[in-house]
Amino acid sequence: MKLDDHLLLWNQASVKVMDIRHRSMERGEELLGYRLPANVFLYATRGNAQVRIDGVPHEAQRFHVLHGGKGACLDIAAQPSFEYYMIMYKASASFPSRQEFMRQAETGDPFRMQYGFEPHYPILLLDIAQRMAKEWSAAGLLGKFHTKSLFYQFVYEIMRQLDRQGIEPVKPDPVAQAVLFMNQHYARPITLESLVEMLDCNPRQFLRWFKSRHQTSPIDYLIRLRMAKAKDLLLRTDCTLKEIAESVGYPDSYYFSRLFKKNEGVSPTAFKEKTQKREPRPNNPSFLSTSPIAARRLRRYSVNGIDNHYQYEGEGHLPMRRRTGTSMAATLLVCFALLLSACSGGTANPNTGAGGTAGQQQNTEATAPATKPSTDKETPRVIKHAMGETTVNGTPKRVVILTNEGTEALLAVGVKPVGAVQSWIGTPWYDHIKDEMKDVTVVGDELQPNIEMIASLKPDLIIGNKVRQEKIYEQLKQIAPTVFAADLGGDWQINFKLYMEAINKKDEGDKAMAAFNKRVADVKAKLGSKAATKVSIVRFSASQVRIYQKQTFSGVLLSQLGIARPAAQDKDNFIEVMTKETIPSMDGDVMFYFVSEVAGKNDAAKVVEEWKNDPMFKNLNVAKTNKVIQVDEGIWNSAGGYKAANLLLDELAAYFGVK
């Protein structure tokens with residue numbers, strides 16, 4: 001693009017300064033894969049660094065000027081140290097006629113052009129950059145207005161020196177930028193809309209360019225890329241299906257499995273098994289063995305990577321080795337129980353007198369109800385659930401529950417399980433249920449229940465979830481009648497109704513639910529205009545920062561109360577993973593945040609402090625008004641059941657001053 005055309009568009013431009021940052025990097029520090037959120041001038045003031053814009057290298061020394069457009073990928077490696085100003089801006093040009101616009105558009109967008117050079121007169125640029133940074137940090141509109149006037153001086157000086165040095169800007173390649181971005185960030189949520197918004201280009205034009213270059217659409221390219229990464233992980237690692245799905249950008253591992261089969265013709269498990277038949281298995285004593293000599297890493301559940309409900313991003317950790325039968329201990333235990341039952345049943349005599357043995361008396365008591373007219377509480381009931389139909393006799397007395405929200409459902413109607421999976425937070429139970437759970441046996445966690453322990457408890461009902469425990473359903477139903485809910489969605493009340501039917505407590509469950517819904521209705525009625533307060537929900541962990549949308553535990557209750565959400569969170573989805581460039585999506589009138597921390601560590605807490613100290617976070621309305629409030633993760637997210645819902649309602653009512 002000729003400089004005269006460049007200047008013509010600058011003369012027609014409407015410009016907005018977005019941010020001005022002054023940064024220092026020490027030896028060895030790197031900024032990798034930073035996607036420019038706006039058009040950027042980078043002006044080096046000290047030291048030197050290897051800088052790449054969309055892979056194009058620049059040796060940035062003192063007073064070096066670089067320019068890149070929105071969506072470009074920036075990499076900086078300081079050597080030995082590097083100090084610079086980053087001036088972010090947005091510009092759009094308007095023309096008196098469409099013909100003039102089309103002619104200029106064909107030559108390229110000057111605001112997204114890439115170039116770098118060492119100005120012959122750097123001190124003037126340094127002075128302007130320093131003044132801009134000072135005015136930008138000053139409060140008030142006058143300082144921002146002065147910054148804009150200084151920005152025009154900065155651009156004028158750059159254009160003047162480009163002209164004198166005869167440097168021609170380079171037109172960026174949006175297709176190459178998109179491919180580079182997808183290869184580096186395939187695990188992030190990526191859509192065509194997000195790509196064109198990031199690259200600041202026309203959707204139809206971008207789609208046409210991409211198909212012409214790669215003979216496929218950007219999203220199909222992304223799917224193929226993700227499937228290739230997934231196949232590599234399947235063959236090279238022992239990662240679970242859930243871990244692999246998450247690592248390639250699919251929070252829902254069942255959706256990932258369907259997509260994998262659609263593209264590869266077989267499921268992920270079948271793909272791995274089929275491929276391994278042709279390959280030697282490391283550490284395994286023979287080709288037929290599925291168990292390596294080297295110990296497999298024991299899996300404990302990790303609160304850090306888990307959220308409740310779809311939450312927990314989907315489906316749970318599903319081992320990639322398919323088990324072919326019940327464990328030996330569980331099988332022996334079940335057989336022994338059946339043998340005892342058969343023996344006692346064979347010696348029972350209804351005419352045995354008072355002089356009979358204790359065992360005979362016990363058996364007579366057990367069979368006595370058969371001689372009486374049956375009541376509704378004692379008759380067999382057929383429960384329809386996610387895995388089919390299961391017959392449950394009477395009212396179960398020894399229930400094992402395999403989800404956190406299911407535990408709360410039982411406690412809500414006064415049923416104490418004989419066994420339950422451990423809470424995601426606590427040792428072993430959440431604080432708000434620990435008193436009620438005294439003497440309850442821990443049977444593993446939601447992702448890996450202990451089948452032998454479950455069998456030893458001799459339950460008369462097991463309640464689980466297809467999302468979590470589908471792979472062990474056949475083993476569980478050999479121990480006791482087993483009922484599975486279909487999903488772990490934000491609306492916990494759906495599963496609550498199934499649990500009440502299974503334990504024969506429908507009336508009690510209806511009363512408990514009616515009481516909760518009445519409380520919700522009362523609080524909603526009293527909120528009035530306060531319901532217009534936009535509530536933002538954010539989760540920090542060591543690996544990710546997320547905003548929580550409407551299909552989450554807290555999101556569902558906020559919707560029931562009619563409380564407003566920020567635009568980015570007012571969606572019928574689960575979560576969105578944040579980057580520092582998307583920090584504005586976290587804003588609202590108030591932010592409630594929780595922290596997922598691994599016991600004994602403070603990595604997540606460090607992430608919280610890092611983000612809170614970021615200039616973009618400090619610029620949020622919630623930060624300026626001091627409405628950033630930490631809450632309990634168990635109550636707001638991971639417990640996900642009746643008791644947590646009531647406690648969450650209490651906290652919301654207290655915040656809004658509703659009695």
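**View 1. Asn626 sits in the loop between helix H23 (621–624) and strand S21 (628–630) of this predicted model**. Asn626 is not a glycine, yet its phi is positive, about 55°. The residue is exposed, with a relative accessible area of 66%; exposed means over 50%, buried under 20%, and partly exposed in between (1.4 Å probe, protein chains only). Helices (H or I, at least four residues) and strands (E, at least two) are DSSP runs, numbered from the N terminus.

**View 2. Asp54 lies in the loop between strand S3 (39–53) and strand S4 (56–60)**. Its phi is near 55°, a positive value in a residue other than glycine. Asp54 is buried, at 18% relative accessible area.

**View 3. A cis peptide bond links Thr427 to Pro428**. Omega is near 0°. Pro428 belongs to the loop between strand S11 (419–420) and strand S12 (441–442).

**View 4. Helix H20 (residues 553–561) packs against helix H25 (residues 642–655)**. The angle is about 55° and the axes are 11 Å apart. Axes are lines fitted to C-alpha atoms over the stretch in contact, and angles run from 0 to 180 degrees between N-to-C directions. Contact means heavy atoms within 4.5 Å. Phe553, Ser554, Leu557, Leu558 and Leu561 in H20 meet Ala644, Ala645, Leu648, Leu649 and Leu652 in H25.

**Notes.** Residues are numbered from 1 along each chain as its sequence is written. Local features need pLDDT of at least 70, side-chain atom pairs count only at pLDDT 80 or more, totals for chains, interfaces and linings use all residues, and side-chain values use heavy atoms, without hydrogens and water.
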